[in-house]
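User: Please take a close look at one part of this model. I would like the ring contacts of the side chains, and then the sheet that goes with them.

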Amino acid sequence: MSAGHVIFIGAGPGAADLITLRGARALGRATVVLFDALTDPALREYAPAAEWVDVGKRGFSASTSQDRINALLVEHAQGGAIVARLKGGDPSVFGRLEEEMLALAEAGIGWEVIPGVTSALAAAAASGRPLTRRGNGRSVSLTTAMTQKRELHAGRRADTEVFYMAGQQLPTLSRCLLDAGWPAETPVCVVSRAGWPDQLVSEHDVGTLATACVMHAGRPAVVTVGVGAGPVAAEGALPDTDAHLLEGHQASTVPRP
């Protein structure tokens with residue numbers, strides 16, 4: 001039996017229709033799909049005859065080990081399958097893609113990568129706050145707040161910093177940002193479940209970021225800090241959404257049907 005092939009597919013940050021056309025077509029060719037926890041179940045419609053294997057990971061929850069995922073990729077591909085490794089967002093952004101590529105290379109298995117929309121871009125779209133701004137927003141840093149030792153780190157490396165995987169530790173992130181030199185009044189935008197119909201957006205500053213905990217509790221969140229977190233110049237400008245202010249300081253933004 002000839003060896004199979006692995007296709008790393010970026011599923012996008014939320015709803016199924018955010019996958020790219022190329023990704024959807026590749027998914028339709030798969031005979032086995034190893035999918036992440038945050039991928040939309042509706043994506044099964046693209047590959048209804050495939051075997052779907054849950055290899056999801058969630059912070060601070062039961063997860064499939066990376067070694068197990070690597071082994072499954074190799075096992076299925078060596079059995080002749082066309083394997084779709086379906087990853088939330090973009091495979092190259094905090095998706096541990098390099099470890100899976102190395103496992104396949106060591107086994108002599110071919111692979112390809114199809115990019116997807118990462119959640120930082122979905123958060124910017126949901127909030128109507130471009131990550132770059134002419135003149136003073138020339139650089140963007142994508143940072144995973146959590147280290148391998150589950151320690152939260154934050155720095156100040158760009159005009160706009162986007163933090164992934166910090167939603168459960170917003171008070172700690174606020175303190176780390178202050179320690180890193182961000183002024184307390186620096187704008188911060190938090191978007192949870194970016195790209196989904198129930199996405200929520202709230203605006204804060206570095207000093208008040210901890211107050212976002214209640215609104216975004218239990219929801220995967222992206223935290224944008226700096227120039228790209230501030231509103232656009234036209235005061236009150238919002239994307240075409242239904243938005244309302246919650247008590248105190250938080251805004252909820254959900255796309256219209």
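Analyst: Arg193 lies over the face of Trp196, 4.5 Å from the ring centre. The model is predicted.

Next, aromatic pairs. The whole structure holds 3. One of them joins Phe94 and Tyr164. Their centres are 5.0 Å apart, and the planes make 65 degrees. The pair counts as edge-to-face because the angle is over 60 degrees. Phe94 is partly exposed at 34% relative accessible area. Tyr164 has 8% relative accessibility, so it counts as buried, the cut-off being under 20%.

Now the sheet. Its 5 strands run in the order E6-E7-E10-E8-E9. The sheet is open and its pairing is mixed. E6 (140–144) and E9 (200–205) are the edge strands, each pairing on one side only. From one strand to the next, the twist averages 20 degrees. E8 (residues 187–192) and E10 (residues 221–226) are antiparallel and joined by 5 bridges. Within E10, Val223 is the bridge partner of Val190. Helix H4 (residues 119–127) packs on this sheet. H4 touches E6, E7 (160–164), E8, E9 and E10. The direction of H4 makes about 105 degrees with that of E8.

Note on methods:
Residues numbered from 1 in each chain as written. Predicted model: local features only at pLDDT ≥ 70, side-chain atom pairs only at ≥ 80, totals over all residues. Heavy atoms only, no water. Pairing = 2+ DSSP bridges. Helix = DSSP H or I, 4+ residues; strand = E, 2+ residues; numbered from the N terminus. Axes fitted to C-alpha atoms, helices over the stretch in contact; angles between N-to-C directions. Contact = heavy atoms within 4.5 Å. Phe/Tyr/Trp six-rings, centres within 6.5 Å; stacked < 30°, edge-to-face > 60°. Buried < 20%, exposed > 50% of the residue type's maximum accessible area, 1.4 Å probe, protein only. Lys NZ or Arg CZ within 6 Å of the ring centre and 35° of its normal.
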